[in-house]
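Try each task yourself before reading its solution.

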Amino acid sequence: MKKTIKALLELKNKSQVDIAPEFSMSKESFNNKLRSAETRFNLSDLVKLAELTGTQLSFTDKETGKILVSFDNEDIKK
């Protein structure tokens, strides 16, 4: 997951320094979260990351490319 998140940040011209405060973490703590095998990103974390990068967390049908379900902040509040 570390490579995927780092790639997303790079593609969206964001850095760990930009993102970490939004998770109430230092850059070092955020980097440790990425590196740790025990620490996982939960749905709330991933939705927040998507919002911060101007992207969307979703499930896409592999055959049609159609987005079947997408998640946003409203899903987290429920």
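Predicted model: local features only at pLDDT ≥ 70, side-chain atom pairs only at ≥ 80, totals over all residues.

Residues are numbered from 1 along each chain as its sequence is written, and side-chain values use heavy atoms, with hydrogens and water left out.

**Exercise 1.** Work out which pattern of helices and strands the chain follows.

*Solution.* Start by counting: there are 5 helices and 2 strands. Both are DSSP runs numbered from the N terminus (helices H or I, at least four residues; strands E, at least two). Now read along the sequence, and you get α-α-α-α-β-β-α. As for burial, 22% of the 78 residues count as buried (under 20% relative accessible area; exposed is over 50%, partly exposed in between; 1.4 Å probe, protein chains only).

**Exercise 2.** Find the partner with which lysine 33 forms a salt bridge.

*Solution.* First, the rule: a side-chain nitrogen of Lys or Arg has to lie within 4 Å of a carboxyl oxygen of Asp or Glu. That gives a count of 1 salt bridge. The partner of lysine 33 is aspartate 45, with the closest N and O atoms 3.2 Å apart. Lysine 33 sits in helix α3 and aspartate 45 in helix α4, so the pair ties together parts 12 residues apart in sequence. Next, check the burial: lysine 33 is buried, at a relative accessible area of 12%, and aspartate 45 counts as buried at 12% too.

**Exercise 3.** List what aspartate 45 is in contact with, leaving aside neighbours within four places in sequence.

*Solution.* Apply the contact cut-off (heavy atoms within 4.5 Å). Out come Phe23, Lys33 and Arg40.

**Exercise 4.** Describe the helix around aspartate 45: which residues of α4 are buried, and what covers them?

*Solution.* Helix α4 spans residues 43–53. Moving along, the buried residues of α4 are Asp45, Val47, Leu49, Ala50 and Thr53. Their cover includes α1 (2–11), α2 (16–19), α3 (27–35), β1 (57–60), β2 (67–71) and α5 (73–77). Just after the helix, glycine 54 takes a positive phi of about 65 degrees.
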